[in-house]
Amino acid sequence: MTDTARDTTPRPTTFTVHSPATGKPLADHPVAGPEEVARAVRRARTAADRWAAESAPRRRDHLLRFKRRLASALDDVADTIAAETGKPRGDAELEVVLTLEHLAWAARNAGRVLRRRGVPSGLVAAHQRATLVHRPLGVVGVIGPWNYPLYTPMGSIGYALAAGNAVVFKPSEHTPGTGVLLAELFDAAVPGYAGLLTTVTGAAATGEALARSGVDKLAFTGSPGTARKVMAVCAESLTPFLAECGGKDAVVVTADADLDAAADAVVWGAMSNAGQTCAGVERVYAVREVHAALCRKVVERAGALPVGPDADAAYGPMTMPGQAAVVRRHVDEALAAGARALLGGSASVSGRYVSPVVLADVPEDSAAMTEETFGPTVAINAVADVDEAVERANASAYALAASVFCGDRRAGAAIAARLRAGAVSVNSVLGFAAVPALPFGGSGDSGFGRVHGEEGLKAFTAPQSVTVRRFAPPVNLTSFTAPAAARARAVAVARWLHRRR
Ligand code: NAD
């Protein structure tokens, strides 16, 4: 590009976050450009060296102090989350509580999961002592979404820190205050590690700068479309990439299921947080015998939900300005294609607020069944049997989570095993979210890689394999001095053994 062609439009240096509930401005935040991001990554690298050199128990103690600080600041953090997302205060509190559970687990288990351990060295290498250790990567970049602005990114941040890394966090431009507060609380709880957790604020360009900054891994949570763009940037420098993307989660309901429990869970799974949950319920496949009864119970419960800006509302506004239009399009297209509206419809969308919508008989090829709606809507379709339910549930580009409601727990678990999903709950929805030991993540358009659990700790490490020669082997197969006859004998013995076993 020539100088004359270069875009000289001054870039804004700050951006304003508005309340989704009232539209009023909440705060201004700096737009971090490539220089600011590079500076944060440099500071993080210095801090990472010292953090990685700490003993695992010391890191655990620091992180548990951070956890206690976060718990003490629960009110402030919940207020910030509620203000930025518009979700009810109680939901924001629950988000903080879940985050604390995960942080505690990551802090307490990292030493055990990642420490050096011996592995069998096998017959040919019996003279070697073999060990494996999971070492920190260095600096991890985390790009977060707005719908769970603490819980979701902390699935990467908390686990990456516990695994011995520094983190540079780019929160969503809709919820930067939550990210800023998180880093402030960390600095206050873990003094002396300046730059170990830094929050850089801004929108897509700031995220892109982080992807280009030379971090040792980039953990992204957001939509599959953005994941593709960020991954393409990471590909330029072979920066490892973890993608936690959206979902189109299905619930399978069998003939012997507890329909009250199923209806209760479907309504909460579909409507809580205004349906803006990656692993929220969007599709339900109920066997024909119970379809009508389940629909009645879902409509009854969903129709009674108070929606609005009040503190006692079941859920609040759509956080993103444009999301209500997406919800309306999905509902309108489904109805035009022959779906039945059991509750609500196009008119349920009113500005930023969307009242519950329950649809039935929704054509499987309509957007309401194939794209992430991310709103307080649910489609309940009848199926002939469990086989059809499984087939339809699995016929999605997404594969994040799923649920099964079944009278027999064992039969429910057997259905779970047939579902293409990274996490399945039997007789509940989102049961896995509060179990820190369980990894979370999907496949297909839901992304790849795992956060949480042992896999989530290992995701932010590089395994190093070490062998230490204990004694001289009878035949040294890795030496040019090994006599040909001895080598042939060793091969003959190995062949004999492998043919038998
Ligand atoms: P988004 O894809 O619009 O944005 C996600 C993040 O990427 C934001 O921080 C944004 O600023 C940043 N970004 C946007 N363009 C970028 C670019 N070109 N380069 C670098 N960064 C860029 O997603 P969103 O609307 O914030 O979040 C909603 C999505 O997240 C939904 O699809 C939801 O299902 C998904 N989600 C998934 C999980 C999970 O764990 N699987 C959890 C929460 C949300």
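Me: How many bridges join strand S11 to strand S16 in this predicted model?
Reply: Happy to walk through this predicted model with you. Strand S11 covers residues 281–287 and strand S16 covers residues 377–383, and the two run parallel. Within this pairing, Ala-286 stands opposite Ala-382 of S16. The number of bridges joining S11 to S16 is five.

Me: Which strands stand at the edges of the open sheet?
Reply: The sheet is built from seven strands in the order S12-S15-S16-S11-S10-S18-S19, with mixed pairing. S12 (340–343) and S19 (423–426) each have a single partner strand, so one side of each is left without a neighbour in the sheet. From one strand to the next, the twist averages 25°. The edge strands are therefore S12 and S19.

Me: Which helix lies across S10, S11 and S16?
Reply: Look for the helix made of residues 386–394, which runs at about 160° to S11. Among the strands it lies across, S10 spans 249–253. The helix is H13.

Me: In S19, what is the bridge partner of Ala-402?
Reply: Strand S18 holds residues 401–405, and four bridges join S18 to S19, with the two strands running parallel. S18 and S19 also belong to a right-handed β-α-β unit, together with helix H14 (residues 409–418). The partner of Ala-402 in S19 is Val-424.

Me: Which side chains of S19 point to one face and are buried?
Reply: Side chains alternate along S19, a handy thing to follow on the structure.

Me: Why is H2 described as roughly antiparallel to H4, and what is the angle?
Reply: Helix H2 covers residues 56–72 and helix H4 covers residues 89–114, and their axes lie 8 Å apart. Angles over 145 degrees count as roughly antiparallel. H2 is therefore roughly antiparallel to H4, at an angle of about 170°.

Me: How many nonpolar residues are in the contact of H2 with H4?
Reply: From H2 the contact includes Leu-63, Leu-64 and Phe-66, while H4 contributes residues including Leu-100, Leu-103 and Ala-104. Two residues of the contact are polar and three are charged. The nonpolar ones number ten.

Me: Does Glu-54 count as buried or exposed?
Reply: Glu-54 is found in the loop between helix H1 (34–53) and H2. Leaving aside residues up to four places away in sequence, Glu-54 touches Arg-59, His-62 and Tyr-193. The cut-off for burial is under 20% relative accessible area. Since its relative accessibility is 19%, Glu-54 counts as buried.

Terms used
Residues are numbered from 1 along each chain as its sequence is written. This is a predicted model: local features need pLDDT of at least 70, side-chain atom pairs count only at pLDDT 80 or more; totals for chains, interfaces and linings use all residues. Side-chain values use heavy atoms; hydrogens and water are left out. Two strands pair if DSSP finds at least two bridges between them. Axes are lines fitted to C-alpha atoms, for helices over the stretch in contact, and angles run from 0 to 180 degrees between N-to-C directions. Contact means heavy atoms within 4.5 Å. Angles under 35 degrees count as roughly parallel, over 145 as roughly antiparallel, 65 to 115 as roughly perpendicular and the rest as oblique. Ala, Val, Leu, Ile, Met, Phe, Trp, Tyr, Cys and Pro count as nonpolar, Asp, Glu, Lys and Arg as charged, and the others, Gly among them, as polar. Buried means under 20% relative accessible area, exposed over 50%, partly exposed in between (1.4 Å probe, protein chains only). A crossover is right-handed if, with the strands pointing away from the viewer, the path from the first strand over the helix to the second runs clockwise.
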